[in-house]
Amino acid sequence: MCGTNEKTLLEARSALLQAVPGAKATVSAFDVGDEAACVAAVAGVVRATGRCPDILVNNAGINHRAPLTEVSSAAQPSYWQAQPRLWA
């Protein structure tokens, strides 16, 4: 489980492990907009499990409700940076 808030991740992990007997889950707090952090997270999964993940769900993004023409050019790079990317 990945996200930016370690406390929230630990709470979600605890709830999952209580709800699903025998489940295995680890947490990793990092910014998905940081490519090096994403690479390190995937490497951590490989080290922990001995293999690449079969499935990766990227649900990261920024929700800004406005016509694109109303979004300042200075703010636009942060929108694109946070959108899903494939690093593997």
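Modeller: The protein has three helices and two strands, where helices (H or I, at least four residues) and strands (E, at least two) are DSSP runs numbered from the N terminus, and along the sequence they follow the pattern β-α-β-α-α. This is a predicted model, in which local features need pLDDT of at least 70 and side-chain atom pairs count only at pLDDT 80 or more, while totals for chains, interfaces and linings use all residues. Residues are numbered from 1 along each chain as its sequence is written, and side-chain values use heavy atoms, with hydrogens and water left out.

Colleague: Where is confidence highest and where is it lowest?

Modeller: Taking pLDDT as the predictor's confidence in each residue, from 0 to 100, confidence is highest in α1, at 94, and lowest in helix α3 (residues 76-82), at a mean of 57. The protein averages a pLDDT of 78, and 72% of the residues score at least 70.

Colleague: Switching to charges, how many salt bridges does a search of the whole structure find?

Modeller: The search finds one salt bridge, meaning a side-chain nitrogen of Lys or Arg within 4 Å of a carboxyl oxygen of Asp or Glu. The side chains of glutamate 11 and lysine 7 form it, at 3.4 Å from N to O, and both residues lie in helix α1, four residues apart, which is about one turn of the helix.

Colleague: And is lysine 7 buried or exposed?

Modeller: Lysine 7 is exposed because its relative accessible area is 59%, whereas glutamate 11 counts as partly exposed at 46%; buried means under 20% relative accessible area, exposed over 50%, and partly exposed in between (1.4 Å probe, protein chains only). In the protein as a whole, buried residues make up 11% of the 88 residues.

Colleague: How much do residues 24 or more positions apart contribute to the contacts overall?

Modeller: Among contacts with a separation of 6 or more, residues 24 or more positions apart account for 38%.

Colleague: Last one, where is leucine 16 found?

Modeller: Leucine 16 is found in helix α1 (residues 6-19), and leucine 16 counts as partly exposed because its relative accessibility is 31%.

Note on methods. Contact means heavy atoms within 4.5 Å.
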